[in-house]
Structures are given as C-alpha cells and as structure tokens.
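Student: Can you walk me through this model? I'd like to start with the ligand and then move on to the helices.

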Amino acid sequence: MLTLYHCDNARSFRPLWTLEEMGLPYTLKMLPFPPRQLAPDYLTVNPLGTVPTLLDGSMRMTESAAICQYIVTRYGPTPLAVEPSEPDFGPYLNWLHFGEATLTFPQTIVLRYTRLEPLERRLPQAVADYTKWTLGRFAGLEKLMAGAEYVAADRFTVADISVGYALMVLKVIGLFDQAPASLQAYYGRLRERPGFRRAKAAQKHAASEKGVGPTLPPEKLSRAT
Ligand SMILES: N[C@@H](CCC(=O)N[C@@H](CS)C(=O)NCC(=O)O)C(=O)O
C-alpha cells in the first residue's frame, strides 16, 4: 500500500493528484504545516521535515516530481506517462522537472518573504527580485501553451500535474493575474479535471478528520483553489 505524507496545498499535492488521476489505493497522512515544528515525529520519516514523503513498502521518496514519475512508471501503463519510445519522452521529462526546479522554487522565496516569515524578517528586495524571476520563467511556457492543450505528447500527463501545481502556487502568492492569458486558461482547464477535484476533496476530508488547519490563513487560501 502506498502512503503519502501531505500538507494542505503543499508540493505533496502533485503526487496526491497523480494518485487520484490513476485511481490507485493509498493512505493519506495529513500533517500540519510546517511539520518540522508542528509534527516533530515526522522527522523520523523524513529528517528534512518536508512534504511529500511517499512510502511504498520499504521504499521512500521525498521529491514531488520524482514521486509522480515513480507512480506512473511503477503502477502503469497509463496515458499519464510518456514512454521512452514516444517522440515527446524528452520534453515530457523536461516539463515534469521544470515544473518543480524552475517554476516552483523561486515562488517559494516570494511566499516565504511575503507571508511565512514574521514581519521583521520580511525582505522586500528578495520579493521584488524573485517575482520578476518567477514571471520571467513562465514566459517560455506561455509560447508553448498559446498553441497547445498540454505540455507534452498532446495529452494530459504528470508533466501537466507538475506545471499545473506551479500555476496553483502562482495563485497562492497572488501573481496569477499577471500570468499570460494562455497559462490562465490552461490552469482553468486543469482544475476542472475530476482527478484534480478528487485530490482537493481528499485533502479537505483528511484535514477535517485530523483537525489540521490550512497551511495559509483562510482568506488567502480561498484564492488558491
Ligand atoms: N523539491 C521538493 C521540495 C519539498 C518542500 O520543500 N516542501 C515544502 C512544502 S511545499 C515543505 O515541506 N516545507 C516545510 C519545511 O521546509 O520545513 C519537492 O518537490 O518535493
């Protein structure tokens, strides 16, 4: 049985969305954010204290894009994966990892220094620089999505889950309205998927069962869905 450690709307949403798209059985362990401080026992599962962690028997992974790749490859065949024999295998892997390494990381700097740090530790210069960086990094994607439904192989894959989550974070940090129209429309399509909706419902259910609050204050979170 697969076990996923998750915080509300955190990067562990990528594997959660993948599990729901595939209809695989799993156990969801919902944690308060940040687990490092609010769920110290979790450090025995992942000493970094970050989510996601995926357990598959004795196998353990902690990188969201890699976990999505693992799930579709290990538990496929599924159209959510692009096979090495397909022409878009390379672009698929590129967008899958681009979604985390290039599109999500700079946004976490903006989030941290606008919302997560106490007022005296906020860094307006870092926010300004990484806002510019973030919007610049979405530019390459804009050109592609102006003429395509999905990032690779003309179908929905985990590369869209990875990039789609980065667009979800753009909503959380309040930059979504500055994203190009093609990307706003792309995210609009992704969030209508039944798998996306089931993942949102699963985290909501797990949070209320566990009495775990949202990662961000409710009025901010409502803009993130
Ligand atoms: N590159 C990792 C990043 C994991 C990560 O930093 N997760 C954040 C949540 S989105 C976290 O757990 N932060 C809590 C902390 O750093 O203590 C991935 O894609 O899974």
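Predicted model: local features only at pLDDT ≥ 70, side-chain atom pairs only at ≥ 80, totals over all residues.

Student: Which residues surround the ligand?

Tutor: Ala10, Arg11, Phe33, Arg36, Thr50, Val51, Pro52, Thr62, Glu63, Ser64 and Glu100.

Student: Which polar atom of serine 64 lies 2.7 Å from a ligand oxygen, side-chain or backbone?

Tutor: A side-chain atom. With valine 51 a polar backbone atom is used, at 2.8 Å from a ligand oxygen. Arginine 11 has a polar side-chain atom 3.2 Å from an oxygen atom of the ligand. The protein buries 81% of the 520 Å² that the ligand exposes when taken alone; the areas come from the Shrake-Rupley method with a 1.4 Å probe.

Student: Glu100 was on that list. Which residues of H4 are buried?

Tutor: Tyr92, Trp95, Leu96, Phe98, Gly99 and Glu100. Buried means under 20% relative accessible area, using a 1.4 Å probe and protein chains only.

Student: What do they pack against?

Tutor: Helices H1, H3, H5, H6, H7 and H8. From the H8 side, serine 162 touches Trp95, Leu96, Gly99 and Glu100, among others; contact means heavy atoms within 4.5 Å. Serine 162 counts as buried because its relative accessibility is 0%.

Student: New topic. How many aromatic pairs does a search of the whole structure find?

Tutor: The search finds 10. Rings of Phe, Tyr and Trp (its six-membered ring) pair if their centres lie within 6.5 Å; planes under 30 degrees apart are stacked, over 60 edge-to-face, and the rest tilted. Tryptophan 17 and phenylalanine 196 have ring centres 5.0 Å apart and planes at 80°, so they are edge-to-face. That pair joins helix H1 to helix H10 across 179 residues.

Student: Is tryptophan 17 buried or exposed?

Tutor: Buried, at 0% relative accessibility. Phenylalanine 196 is buried too, at 3%. Tyrosine 187 also pairs edge-to-face with phenylalanine 196, with centres 6.3 Å apart and planes at 85°.

Definitions and conventions. Residues numbered from 1 in each chain as written. Heavy atoms only, no water. Buried < 20%, exposed > 50% of the residue type's maximum accessible area, 1.4 Å probe, protein only. Helix = DSSP H or I, 4+ residues; strand = E, 2+ residues; numbered from the N terminus. Near = heavy atom within 4 Å. Polar contact = N/O pair within 3.5 Å; in protein donor to acceptor, adjacent residues only side chain to side chain. Lists of a residue's contacts leave out its neighbours within four places in sequence.
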